[in-house]
Amino acid sequence: MNPGTQAAFEIVAREDYSDATFMLEVRHPLMARAARPGQFVIVMSHPEGERIPLTLADFEPRKGTITLVIQAVGKTTREMQQTCQVGTRLHALVGPMGVPSVIGKAKKVACVGGGLGVAPMYPQARAYKQAGAYVIGIVGFRSHNLVFWEEKFRSVCDELILCTNDGSAGIRGIVTDGLRICLEKNPDLGEVVAIGPPIMMKACAEATRARKVKTMVSVNPVMVDGTGMCGGCRVKVGDKVKFACVDGPDFDGHQVDFDDLMARLKRFDEQEKAAMKRFNESCRMEAPPEPEKLDLPDPFEEVRGG
């Protein structure tokens, strides 16, 4: 199907995993065939919308679809949560972009995903399994009611360590606790792949540094065009500056300057807060007014004239 046809970018399935996290399955046969683990797309939900990068969570060439898992945390993703329903279409969908993950020849691999990072970790775990590796999945959530894709991971992992902050599912702890258990039980672990918040990926890299276990991370800096032209997605890797969109998004976790990455992610905090405020105000204006409350007397209270 040509992306320029009317049926392009149609949302053919949706699933909500929590109040904030939702999945969109989008029809795009060409992209589904071209996609590889670790790559991302840039999405616009409507003509005046923001361009946002989203890592591919799955792709199925036979069905001709790609899967995106989104967390409604800012103005654009909150808007998409409301408007992106089955049968609607995205305005623009560009990709696959970025350098595909290198699926090496390690015989035993730990795939670590935290929170929303669980979704883009799935294609990597599947690829390592297909390459013949022994795959240990380590996924973490705040609570059991936020857990998603557990069965999908079990289908491609030889072992799965599920972690929750409150201990309501799996082991009590965060993914780095699961990673430490994995390292202790598997001295022959050949590689670790981690996707999640920068502070989580930093902790994973520190946990493996002393043992010199190769650790790859997928970084998520501020990105505008996704082609290396704007320079907004700069990330320090060792003594070099890389562009996440064309040099990554995967980098050696032991070389990434996570402190610089986290500082850069906060650069537009004020603008994001202002955009969210305007969006919330617009939503309130569009909502039907609440019925006027009648100030009726308390039937158990003495009222003059009653």
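**Walking through the model**

Mentor: The chain has 306 residues, and 47% of them count as buried. Keep in mind that this is a predicted model.

Trainee: How many helices and strands are in the chain?
Mentor: Nine helices and 16 strands.

Trainee: What share of the contacts comes from residues 24 or more positions apart?
Mentor: Counting contacts with a separation of 6 or more, such residues account for 65%.

Trainee: Let's go inside. How many residues does the largest nonpolar core have?
Mentor: It has 34 residues. Val-112, Ile-138, Leu-179 and Val-256 have the most contacts inside that core. Helix H6, residues 198-209, gives the most to it, with five residues. There is also a second, separate core of 27 residues. Val-118, Val-156, Leu-162 and Ile-195 are included in that second core.

Trainee: Back to Ile-138. Which residues is Ile-138 in contact with?
Mentor: Leave aside neighbours within four places in sequence. Then the contacts of Ile-138 include Val-112, Leu-160, Ile-161, Val-175 and Leu-179. Cys-111, Cys-163 and Cys-182 are among them too.

Trainee: New topic. How many salt bridges does the structure hold?
Mentor: It holds 12. Take Asp-158 and Lys-129, whose side chains meet at 2.7 Å, N to O. That pair links distant parts of the chain, 29 residues apart. Asp-158 is in the loop between helix H4 and strand S10, while Lys-129 is in helix H3.

Trainee: Is Asp-158 buried or partly exposed?
Mentor: Partly exposed, because its relative accessible area is 33%. Lys-129 also comes out at 33%, so it counts as partly exposed.

Trainee: What about Lys-202? Which residue does Lys-202 form a salt bridge with?
Mentor: With Asp-259, the closest N and O atoms being 2.9 Å apart. Again the pair links distant parts of the chain: Lys-202 in helix H6 and Asp-259 in helix H8, 57 residues apart. Lys-202 has 28% relative accessibility, so it counts as partly exposed. Asp-259, at 48%, counts as partly exposed.

Trainee: And where do Arg-209 and Glu-206 lie?
Mentor: Both are in helix H6, three residues apart, about one turn of the helix.

Trainee: Which residues are linked in a network of salt bridges?
Mentor: Asp-58, Arg-126 and Lys-152.

Trainee: Now Glu-191. Is Glu-191 buried or exposed?
Mentor: Buried, yet Glu-191 has no salt bridge.

Trainee: Why no salt bridge for Glu-191?
Mentor: The nearest side chain of opposite charge is Lys-214, 4.1 Å away. Glu-191 does have a polar contact of 2.9 Å with the side chain of Tyr-128. Its place is in strand S12, residues 191-195.

Trainee: Last one. Where is Thr-65?
Mentor: In strand S6, residues 65-71. Thr-65 counts as buried because its relative accessibility is 2%. Its side chain makes a polar contact of 3.1 Å with that of Glu-25.

Trainee: And how far apart are Thr-65 and Arg-27?
Mentor: They are 38 residues apart in sequence but 4.4 Å apart in space, C-alpha to C-alpha. Thr-65 also touches Val-12, Ala-32 and Phe-59, among others.

Notes. Residues numbered from 1 in each chain as written. Predicted model: local features only at pLDDT ≥ 70, side-chain atom pairs only at ≥ 80, totals over all residues. Heavy atoms only, no water. Helix = DSSP H or I, 4+ residues; strand = E, 2+ residues; numbered from the N terminus. Buried < 20%, exposed > 50% of the residue type's maximum accessible area, 1.4 Å probe, protein only. Lys, Arg positive; Asp, Glu negative; His and termini not counted. Salt bridge = Lys/Arg side-chain N within 4 Å of Asp/Glu carboxyl O. Polar contact = N/O pair within 3.5 Å; in protein donor to acceptor, adjacent residues only side chain to side chain. Core = buried A, V, L, I, M, F, W, Y, C linked by side-chain atoms within 4.5 Å. Contact = heavy atoms within 4.5 Å.
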